[in-house]
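Me: I have a structure open and want to learn to read it. Can we go through it feature by feature?

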Amino acid sequence: MDSSPAPAAEKKQWPYRGVRMRKWGKWVAEIREPNKRSRIWLGSYASPVAAARAYDTAVFYLRGRSAFLNFPDDIPVSSDAPAAVGDLSAALVRKRAAEVGAAVDALLLQKNKKRNMRPDLNCKPSSDETYAAD
């Protein structure tokens, strides 16, 4: 009989703050509103990086420069940034975060497509076609 204590329920560790993975593989991001119990849904994404970028955008708009970011070296910058922390409504924070997350997802998808692109060996490539070298 093993006398060691039963392992405590281990909390799943996700790679980024504010991000979790659904059972079917999508990554979702959400954040709590300051001084409220409600959450702001930031969307679901194909990659954890896109969800983390969406979270970073939202937390930056809600808490300002003192926010704890997943990517602290890449502070979100926008031409219509709020004058003071918390000036934006939950809907506007959700919109800005979703825009950033969708853009990152699109860039990652485009990058993966280029990486997986294989030349058609039955025809001569045109001068504007480039293929990623493996």
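Me: Which residues are linked in a network of salt bridges?
Reply: Keep in mind that this is a predicted model. Now the general idea. Side chains of opposite charge can pair when their charged atoms come close. Here, Arg20, Glu30 and Arg39 are linked in such a network.

Me: What are the N-to-O distances in the salt bridges of Glu30?
Reply: Take the two pairs in turn. Between Glu30 and Arg20, the closest N and O atoms are 3.4 Å apart. Between Arg39 and Glu30, the N to O distance is 2.8 Å.

Me: Where in the chain do Glu30 and Arg20 sit?
Reply: Glu30 is in strand S2 and Arg20 is in strand S1. They are ten residues apart, and the pair links distant parts of the chain.

Me: Is Glu30 buried or exposed?
Reply: Read the relative accessible area. Under 20% counts as buried. Glu30 has 17%, so it is buried. Its partners read otherwise. Arg20 has 30% and is partly exposed. Arg39 has 46% and is partly exposed too.

Me: How many salt bridges does a search of the whole structure find?
Reply: It finds three. One of them joins Lys36 and Glu33, at 3.5 Å from N to O. Glu33 counts as buried, at 16% relative accessibility.

Me: Now the sheet. In what order do the strands lie, and are they parallel or antiparallel?
Reply: The order is S1-S2-S3, in an open sheet of three strands. The pairing is antiparallel. S1 (19-21) and S3 (39-45) are the edge strands, and each pairs on one side only. From one strand to the next, the twist averages 25°.

Me: How many bridges pair S1 with S2?
Reply: Three, in the antiparallel sense; S2 covers residues 27-32. For one example, look at Arg20: its bridge partner in S2 is Val28.

Me: Which helix packs on the sheet?
Reply: Look for a helix with contacts to the strands. Helix H1, residues 48-63, touches S1, S2 and S3. The direction of H1 makes about 15° with that of S2.

Me: How many residues does H1 have, and what span does it reach?
Reply: Compare the span with the expected one. H1 has 16 residues and reaches 22 Å from its first C-alpha to its last. That is close to the 22 Å expected at 1.5 Å a residue. Gly64 follows H1, and its phi is positive, near 80°.

Me: How many residues of H1 are buried?
Reply: Twelve of the 16, so H1 is mostly covered. Among them are Ala51, Tyr55, Asp56, Ala58, Val59 and Leu62.

Me: What does Ile31 touch, leaving out residues up to four places away in sequence?
Reply: Its contacts include Ile40, Leu42, Tyr55, Ala58, Val59 and Leu62. Ser38, Arg39 and Arg63 are also on the list. Find Ile31 in the view and trace these neighbours one by one.

Technical notes
Residues numbered from 1 in each chain as written. Predicted model: local features only at pLDDT ≥ 70, side-chain atom pairs only at ≥ 80, totals over all residues. Heavy atoms only, no water. Pairing = 2+ DSSP bridges. Helix = DSSP H or I, 4+ residues; strand = E, 2+ residues; numbered from the N terminus. Axes fitted to C-alpha atoms, helices over the stretch in contact; angles between N-to-C directions. Contact = heavy atoms within 4.5 Å. Salt bridge = Lys/Arg side-chain N within 4 Å of Asp/Glu carboxyl O. Buried < 20%, exposed > 50% of the residue type's maximum accessible area, 1.4 Å probe, protein only. Expected span 1.5 Å × (residues − 1).
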